[in-house]
Amino acid sequence: MSFSRIVLRVPNWLGDAVMALPAAGAVRRHFADAALTVAAPASVAPLFAEATGLDPSDTLVLPGSRRAQQAALANGRFDLAILLTNSFGSAWIARRAGIGERWGYRADFRGWLLSRAVSRPRGRVHQAEYYRRLVAGLGVEAEPGLPRVEVTEATRRRAEDLLAQHGWDRRAPLVGLAPGAVYGHAKRWPPSRAGELVARLAERGVTAVLVGAAGDRDAGREIESTSARAGGRAPRLINLIGQTDLRLAMGVMASCRAFVSNDSGALHLAAAVGLPVVAIFGPTDERVTAPLGDHDLIAHRVFCRPCMLRDCPIDHRCMKGITSAMVFDALARRLDRSTV
């Protein structure tokens with residue numbers, strides 16, 4: 001069976017979209033002669049403007065409403081939709097858009113909407129492997145691989161100029177921190193601990209740079225105030241929370257030596273850009289969403305984790321048990337290696 005116009009519906013969450021890159025790349029290689037369009041929500045679509053190895057013919061930024069999404073897909077005149085999403089809605093929209101072949105996981109009661117359905121894997125499977133097994137079940141040869149994003153030179157220059165405007169001299173080592181997590185507050189390491197970390201990094205001559213969405217500004221302000229109180233010297237801190245789009249955030253990451261993050265999209269993005277990451281896990285399961293590659297995973301063992309809750313109903317002990325010293329020690333080892 002051959003196809004001329006394929007749409008690849010990527011996941012809605014940034015971290016999942018990054019983890020799906022190896023599977024998406026396998027689709028690109030398998031259907032090398034077809035025009036491949038990546039369909040993604042506006043929050044994720046800019047990822048594919050950088051060099052992901054996917055090389056899509058086009059990126060379709062999906063509008064908010066289902067009716068508008070249906071119209072956009074219908075206008076594409078696609079003959080195959082590969083759904084990396086699990087939802088009933090994505091399959092329903094693809095069918096209503098008149099796409100003849102619709103492939104994906106048999107999930108969310110949508111099997112009857114798919115022309116080719118794959119059974120979901122049983123048991124605990126890393127999210128990147130979850131996507132790889134889907135495309136393999138569809139007959140696409142897909143070897144395990146690491147997500148990779150190469151930041152374009154134009155994006156890198158934009159980020160360096162922004163950092164310079166905030167006092168970076170382009171020589172001082174940078175460590176990135178992402179204090180937010182869209183999924184919920186339970187995934188967030190206490191900002192006060194991050195502030196202590198910033199102060200310890202300053203004693204080593206390292207500048208910390210904060211990245212995140214506008215909703216993370218309160219956490220950024222707490223990090224600033226805590227680092228000022230905790231440090232024996234003026235903290236080296238650049239706060240870019242709410243000041244970067246997705247591509248600019250990737251450029252900032254490309255200027256860093258290492259990265260600290262909760263279990264979030266930024267975590268997987270930094271790893272894909274090529275940074276060693278210190279990943280902080282609380283209520284979520286690192287066996288499923290750990291960054292792929294050589295990274296440091298930090299979790300505090302308590303009886304109730306992983307609970308997968310958005311908000312902790314007790315005392316947030318899984319995150320409060322992770323000290324700034326634990327994260328600093330992991331970072332210091334990474335920074336020492338990078339200077340050898």
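Predicted model: local features only at pLDDT ≥ 70, side-chain atom pairs only at ≥ 80, totals over all residues.

Trainee: What makes strand 11 largely enclosed by the rest of the structure?

Mentor: A residue is called buried when its relative accessible area is under 20%. In strand 11 (residues 277-281), five of the five residues are buried, so the strand is largely enclosed. Both faces are covered: Val277, Ala279 and Phe281 are buried on one side, and Val278 and Ile280 on the other.

Trainee: Why are strand 9 and strand 12 said to stand at the edges?

Mentor: Start with the order of the six strands, which is 9-8-7-10-11-12 in an open sheet with parallel pairing. Strand 9 (237-239) and strand 12 (296-299) each have a single partner strand, so one side of each lacks a neighbour in the sheet. From one strand to the next, the twist averages 20°.

Trainee: Which strand pairs with strand 7 over four bridges, and what packs on the sheet there?

Mentor: Strand 7 (residues 174-178) pairs with strand 8 (residues 207-210) over four bridges, in the parallel sense. Gly176 stands opposite Val209 in strand 8. Helix 7 (residues 191-203) packs on the sheet and touches strand 7, strand 8, strand 9 and strand 10 (258-262). The direction of helix 7 makes about 180° with that of strand 7.

Trainee: Why is Thr226 called buried, while Ala49 is called partly exposed?

Mentor: Compare each value with the cut-offs: buried is under 20%, exposed is over 50%, and partly exposed lies in between. Thr226 has 7% relative accessibility, so it counts as buried. Ala49 has a relative accessible area of 41%, so it is partly exposed.

Trainee: Where are those two residues found, and what do they touch?

Mentor: Thr226 is found in helix 8 (residues 217-230). Not counting residues up to four places away in sequence, Thr226 touches Ser192, Gly195 and Glu196. Ala49 is in the loop between strand 2 (35-41) and strand 3 (58-62). Leaving aside neighbours within four places in sequence, Ala49 is in contact with Thr152 and Arg247.

Trainee: How do you know that the buried residues of helix 5 are on the same side?

Mentor: First, the residues themselves: Gln127, Ala128, Tyr130, Tyr131, Leu134 and Val135 are the buried residues of helix 5 (residues 127-137). They cover an arc of only 160° around the axis, and that puts them on the same side of helix 5. What covers them includes helix 1 (14-19), helix 2 (21-30) and strand 4 (80-83). Just after helix 5, Gly139 takes a positive phi of about 90°.

Trainee: How many cavities of 30 Å³ or more does a search find, and which element gives the most to the lining of the largest cavity?

Mentor: A search of the whole structure finds two cavities of 30 Å³ or more. The largest cavity has a volume of about 80 Å³. Its lining includes Leu177, Trp189, Ala194, Val260 and Ile280. Strand 7, helix 7 and strand 10 are the elements that give two or more residues to that lining. Strand 10 gives the most, with three residues.

Conventions:
Residues numbered from 1 in each chain as written. Heavy atoms only, no water. Buried < 20%, exposed > 50% of the residue type's maximum accessible area, 1.4 Å probe, protein only. Arc of directions from axis to C-beta. Contact = heavy atoms within 4.5 Å. Pairing = 2+ DSSP bridges. Axes fitted to C-alpha atoms, helices over the stretch in contact; angles between N-to-C directions. 1 Å grid on protein atoms, 1.4 Å probe; cavity = no way out; pocket = protein on both sides within 12 Å on 5 of 7 lines; lining within 4 Å. Points joined across faces, edges and corners; volume = space filled by probe spheres on them.
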